[in-house]
Amino acid sequence: MLFRIQFSITVLFLTSVFLRAQDPPDPLAIAVTSAMALPSIHFPLPTAPTIVKRVNEVNLLLSVTNHKGRFVQNLNPTDLVISDNGEPPDKITYFQRQTDLPLRVALVVDTSDSVVNRFAFEKRSAEAFLEGILRPESDQALVVSFNQAPTMVQPATHDLFQLNKAIQSLPIGGETSVYDAVALAADELLAIPDSQPVRRVIVLVTDGADNHSQISLVRAAEHALRAESVIYVVNTTALIVSDLEREADRAVKYLADATGGSTLYANLDRDVAKSFQKIQQELRSQYAVGYRPRNLISGLLFRTIRILGPKGIRIRYRAGYFVR
């Protein structure tokens, strides 16, 4: 049985999207940009009771690019039109350019059999990424590895030495549980105690299709959305030619698009480093927006978000949020 949340846009005909782990939809169908209408989103009913309470503030990260893919860094709050479940916000609480909000990063690394050939380079690139992006006085990161099951290798810390030590200690071998690993990372990010708005980011490094997770693709996306975390995928698949590879690519793209992140491809060793550098650049170029939604007293567990901006720009952000 599916819990169905409808979000209708006048004039445009919207296609309902069913999120199924066995047959993930085209990620573009759920990408929320200034050029697209947001479709209906269907989530299964939670397996455990969900306590619904009023959300005081919604925190969003926006990645804004022009038609050439370059980051737009001169946006003003008056340039944006925000719709929360079809209604304007009650109040915009903050707006920051090139945000310096604290980072909470989960590095999620595939350690299954298929990554053996380039694993050493991937680890070095991951170390360089954390060293380049983390500010010890305000940021924290954690490391999760996964093969047939996810493992918390290093809990959240600001200590780069401990993080690098964890990356170097990653094992190798086994099958692949992408969705379980994403869910674990999202839950761990959400569990970090914070008294102020933060940016939660999952960097998923993988080259394989999920063949061992205990949860579905939709559940993994739900965990990430509940944690208000953005997923960046570094897809290290050499070539996407088989049906299995195409299905895996669609699935990780879905995770990225649903949360406002992106998918980067790293066919060669040097591409892995470039992908991490692009993520680092984007994290330094984002806008942070906070707002108070109106009319939250309802039976909806998931509320959709839509943001429009000036003509000619593309805005990436998460598809919505769960009332919790």
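This is a predicted model: local features need pLDDT of at least 70, side-chain atom pairs count only at pLDDT 80 or more; totals for chains, interfaces and linings use all residues.
Biologist: Let's start with a helix. How many residues does α5 have, and what distance should they span?

Modeller: Helix α5 covers residues 243–259, which is 17 residues. At 1.5 Å a residue they should span 24 Å, and the end C-alpha atoms are 25 Å apart, so the two values agree.

Biologist: Which residues of α5 are buried?

Modeller: A residue counts as buried when its relative accessible area is under 20%. In α5 that applies to A248, D249, A251, V252, Y254, L255, A256, D257, A258 and T259.

Biologist: Let's turn to charges. How many salt bridges are there?

Modeller: The general idea is that side chains of opposite charge can pair when their charged atoms come close. In this model the count comes to ten salt bridges.

Biologist: Where D139 forms a salt bridge, which residue is its partner?

Modeller: Its partner is R135, and the closest N and O atoms of the two are 2.9 Å apart. D139 counts as buried, at 1% relative accessibility, whereas R135 is partly exposed, at 25%. Salt bridges can also form a network, as they do in linking R200, E228 and R318.

Biologist: Now the rings. How many aromatic pairs does the structure hold?

Modeller: It holds three. In one of them, F95 and Y287, the ring centres are 5.6 Å apart and the planes are at 35 degrees, so the pair is tilted. F95 belongs to strand β6 (residues 91–96) and Y287 to strand β13 (residues 287–292), so this pair ties together parts that are 192 residues apart in sequence. Y287 is buried, with a relative accessible area of 1%.

Biologist: What about F129 and F276: how far apart are their ring centres?

Modeller: Their centres are 5.3 Å apart, and with the planes at 35 degrees this pair is tilted. It links distant parts of the chain, since F129 is in helix α1 (residues 119–133) and F276 is in helix α6 (residues 269–283), 147 residues apart. F129 counts as buried, at 1% relative accessibility, and F276 is buried too, at 3%.

Biologist: A charge can also sit over a ring. Which residue lies over the face of F322?

Modeller: That is R226, at 4.0 Å from the ring centre.

Biologist: Let's look at the nonpolar cores. In the largest one, which residues touch the most other members?

Modeller: That core has 33 residues, and those touching the most other members are V105, L107, F129, L130 and V203. Two or more residues each come from β7 (103–110), α1, β8 (140–146), α2 (160–168), β10, β11 and α6. The largest share, five residues, is given by α1.

Biologist: We met F129 among the rings. What is F129 in contact with, leaving aside neighbours within four places in sequence?

Modeller: F129 is in contact with V105, V203, F276, I279, Q280 and L283. Apart from this core lies another one, of 28 residues, among them A181, A185, A186 and V252.

Biologist: One last residue. Is Q154 buried or exposed?

Modeller: Q154 is buried, with a relative accessible area of 14%. Q154 is found in strand β9 (residues 150–157). Not counting residues up to four places away in sequence, Q154 touches L142, V143, Q162, L163 and A166.

Definitions and conventions. Residues are numbered from 1 along each chain as its sequence is written. Side-chain values use heavy atoms; hydrogens and water are left out. Helices (H or I, at least four residues) and strands (E, at least two) are DSSP runs, numbered from the N terminus. The expected span of a helix is 1.5 Å times one less than its number of residues. Buried means under 20% relative accessible area, exposed over 50%, partly exposed in between (1.4 Å probe, protein chains only). Rings of Phe, Tyr and Trp (its six-membered ring) pair if their centres lie within 6.5 Å; planes under 30 degrees apart count as stacked, over 60 as edge-to-face and the rest as tilted. A charge sits over a ring if NZ of Lys or CZ of Arg is within 6 Å of the ring centre and within 35 degrees of the ring normal. A salt bridge is a side-chain nitrogen of Lys or Arg within 4 Å of a carboxyl oxygen of Asp or Glu. A nonpolar core is a set of buried Ala, Val, Leu, Ile, Met, Phe, Trp, Tyr and Cys residues joined through side-chain atoms within 4.5 Å. Contact means heavy atoms within 4.5 Å.
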